[in-house]
Amino acid sequence: MLCIYSMYSGIHISQTDARPMYLQIMEQIRARIAAGDWPPGKELPSIRALAAGLNVSVITIKRAYLDLETEGVIVTRHGKGSFVADVNGLAGELKQEQLAGHLEQAAEIGRLLGLTEDELAARLRRAQRNLEKKS
Amino acid sequence: MNIVTRKLIAKELYVNRWFVAGGAASGVISILLAATGKMGFNVGALTWLTAIIATGVMLGIYGVMNERKEHALQFVLSLPLSIADYVRAKMLGLSACFLVMWLVSSGAALLLVYWKESIPDGIAPYTVLLCLFMLANFMVVLCGSIHAQSEALTSAVIVVTNMGVSIFMFTVAPLPGIEKYMWGPTPVWTSTFWTVLGCELAVLVVAFTLPFFLAARRRDFL
Amino acid sequence: MNDKHIEMRGVRKNFRFFTLDEVSLELEPGQIMGFVGPNGAGKSTTLRLMMGMITPDAGEIRVLGHEIPRAQAVAKRDIGFVSAEMRLLPHATLGWHMEFMRSIYPEWDGSYAATLVKRFNLRPAQNARSLSLGEHVKATLLLALARRPRLLILDEPTTGLDPVARHEVISELMDVLRDESRSILFSSHNTVDVERISDTITFIDRGRIVESGDKEQFLDRWRRIHVQLPPGATLPELPNIVKREADGHFITLITNQYSDGLKNLAGPHVTQVQRMNLEEIFVANVVYNRETRGQ
């Protein structure tokens, strides 16, 4: 009973996840923006509507929206609502951040495995080739 | 009187409808029985008394306590009313229940006295006093029950007041102003009669109004 | 104009074996407050005081701006109260109760009530006596929710409910909060639910309020810090440590005022800093509170 499926566009908040709920929400919103599902200028659900839809406290949603606004990912217009920031390349920017995050993790794991820089690069090339084969 | 109080009074009448109907029917049947001759009169009088006492006890104990026992008290207290409103609704509701039964039974008794030739009309004043005593008796039971915090206390009140019925019959009947004219052909309303009547009414009024001043002021209802 | 939904200030109530002392509490409109505490802490007593069912020995209580218990009849027009030990009137059916409520409360929403009957899997024709505990809870919730009251005061509203029913109830409660002029105060042992849906949390233990505040801040402030000391090393004296456990070189600290500064102070041997869930915070908080109060 800890990962509750909501009617709300597939956003899932898990209470067994180590990360706090507000971070999970931020991440899932960022992912949708990065994927282009939530295009620039799209209106976000109101804080109370999302709270009721996800069965998560209003204060948590507020915090997520506030932090997303600080990051520049969304824009809140007083009295009108919150919108995906209409900044050119926002989706691209978020994707870049995702990539940077993944690469850091790969480097970290490579180090733990004792791989050299070249070995790690080779693994990356292999992964890229596999991707091409699939498509 | 606000709508919640009215609704609760109506609820009281609805909930207790079988006691009231049963009691009233028993009262009437007892009177019919009493009309069938000497033996029937004794039996009928006894069952008539029992019916009224029993109805009074059921209303006085069960009627007051049942919400508390069945944990429904919180539900009622969560309605838009004050503790005083609740006490008022209980008093008026349960009194109304008893009154219905009592009016039917007392009316039947008086009707018997006046209509049946073999029963001297002179017994009418005593009958009136007895009927009113039963009403005052119920009011005392109800008053005690509403104030009592425990079932034991309520039961004690009931036992004591029912002893009062016997005491009444043994003390009032032999009173000079009553006994002298009891077997006469016409009713005589002596000053003794009026005195006893006055006492009964006083007890009734005090018992009925006391909860509105005492129980209604209670600070803790749970 | 004071528009808080609940204000309790310095409320005291003496019982023979228990005292509720210096209880102060505030609920703003649009908020949902989780009220948690061990059994016997005074949760139910506090809620009954708010409803005017008991009178305080000291202190003030205002609910929806009305003085309690003096103006309770007016206040209760707009308050929905549900408690797990509450039962419906035994002689009547659920349908009778729905009709009863409809006749008393003009705001009764019949179609919403009908929806809830289906959603909560209840039968209006069923007599109150034959309802199970869980069904009673759902029934009394239905009767409260369908009035759309401004304030809901709920004493353990998920008692006796299976996970599906619990989820339905939580969803209905969260739906109430779509309206920012409405609020909810609920007490619960289910820390998972409290953690998820509360905006503010109030802890009570042994008749006293231990803490009350923003849920996100609570969850931010409490941490479990794991330290592994190499031989010969010691841990410096740290502030705001609520509990310390040592198992050889492995030390576990619980703090209620976490900051990065604290982590730095703890030194280079910190292996992990863990967030704590509400249940863990609850237990640590109560134990710590009892220790500091010399109990």
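The model is predicted: local features need pLDDT of at least 70 and side-chain atom pairs count only at pLDDT 80 or more, whereas totals for chains, interfaces and linings use all residues. Residues are numbered from 1 along each chain as its sequence is written, chains are lettered from A and ligands numbered from 1 in the order in which they are written, and side-chain values use heavy atoms, with hydrogens and water left out.

**View 1. Contacts among chains A, B and C.** Two pairs of chains touch, and the pair with the most contacts is B and C. Chain A and chain B share no contact, and their closest C-alpha atoms are 27 Å apart.

**View 2. The interface of chain C and chain B.** Here 31 residues of chain C are in contact with 27 residues of chain B. The two chains bury about 2,500 Å² between them, 63% of it on carbon and sulfur atoms; buried area is the accessible area (1.4 Å probe) that two parts lose on being put together, summed over both. Of the area that chain C buries against chain B, 21% is supplied by M53(C), L89(C) and F100(C), more than by any other three residues.

View 3. The side chains of K13(C) and D220(B) meet in a salt bridge with an N to O distance of 2.9 Å.

**View 4. The side of chain C that touches chain B.** Elements of chain C that give two or more residues to this side are α2 (72-75), β6 (79-83) and α3 (94-104); helices (H or I, at least four residues) and strands (E, at least two) are DSSP runs, numbered from the N terminus. The largest share, six residues, comes from α3(C). By class, this side of chain C has 16 nonpolar, seven polar and eight charged residues, where Ala, Val, Leu, Ile, Met, Phe, Trp, Tyr, Cys and Pro count as nonpolar, Asp, Glu, Lys and Arg as charged, and the others, Gly among them, as polar.

**View 5. The interface of chain A and chain C.** This contact takes 22 residues from chain A and 23 residues from chain C. About 1,900 Å² is buried between the two chains, 50% of it on carbon and sulfur atoms. Two salt bridges are counted between chain A and chain C. R63(A) forms a salt bridge with E216(C), with the closest N and O atoms 2.8 Å apart.

**View 6. An open sheet in chain C.** Four strands of chain C form an open sheet in the order β12-β13-β11-β14, with antiparallel pairing; two strands pair if DSSP finds at least two bridges between them. The edge strands, each pairing on one side only, are β12 (241-247) and β14 (270-275) of chain C. Strand β11 (residues 223-228) of chain C is joined to β14(C) by five bridges. R224(C) stands opposite Q274(C) in β14(C).

Note on methods. Contact means heavy atoms within 4.5 Å. A salt bridge is a side-chain nitrogen of Lys or Arg within 4 Å of a carboxyl oxygen of Asp or Glu.
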